[in-house]
Amino acid sequence: MAKHYRCIIEVRGYELDASGHVDHANYIHYMEHARWRVLREEGITPALFAKWKRWPVIANLTAQFMRPTFLGDRLEVRTHISDHGRTNFTFEQCIYRRDEAVFKGIVQAVMVND
């Protein structure tokens, strides 16, 4: 079974759109933040990427918006690596408010030389 990672984010005022809910682009930022937390938990740091002279780059991203979220909501980003090879990996991520899914995303990343 794949290891699952969790990251808590509280919605901040500057992340809202004119309608008072989280602007769509912020979900992508939440996912990015959670992926870097996953890497850090596994001991993979920017310094290690620099040593390897390789960096992860997003090759493909899919997003499914399910429900709006609002100022002060505590969101939990759940992440797992669903597939990986020598130079590529796929993250599946779901963002929850309490136990309700509000956003789902799949990110395919590849390693490139610097």
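## Strand pairing

Nine bridges connect strand 3 (residues 74–84) with strand 4 (residues 88–97), and the two run antiparallel. Within this pair, His80 has Glu92 of strand 4 as its bridge partner. Strands here are DSSP runs of E of at least two residues, while helices are runs of H or I of at least four residues, both numbered from the N terminus; two strands count as paired if DSSP finds at least two bridges between them.

The model is predicted, so that local features need pLDDT of at least 70 and side-chain atom pairs count only at pLDDT 80 or more, whereas totals for chains, interfaces and linings use all residues. Residues are numbered from 1 along each chain as its sequence is written, and side-chain values use heavy atoms, with hydrogens and water left out.

Five strands form an open sheet in the order 1-3-4-5-2, with antiparallel pairing. Its edges are strand 1 (4–10) and strand 2 (54–65), each of which pairs on one side only. From one strand to the next, the twist averages 25 degrees, where axes are lines fitted to C-alpha atoms (for helices over the stretch in contact) and angles run from 0 to 180 degrees between N-to-C directions.

## Cysteines

A search of the whole structure for disulfides, defined as pairs of cysteine sulfur atoms within 2.5 Å, finds zero.

Cys7 counts as buried, at 2% relative accessibility, and Cys94 is buried with a relative accessible area of 10%. The classes are buried under 20% relative accessible area, exposed over 50% and partly exposed in between, computed with a 1.4 Å probe on protein chains only.

## Positive phi angles

Most residues other than glycine have a negative phi. Against that background, Lys53 has a phi near 60 degrees, a positive value in a residue other than glycine. Lys53 is placed in the loop between helix 2 (46–52) and strand 2, and it counts as exposed, at 54% relative accessibility.

Arg98 also is not a glycine, yet has a positive phi of about 55 degrees. The loop that holds Arg98 lies between strand 4 and strand 5 (100–113), and Arg98 is exposed, with a relative accessible area of 66%.
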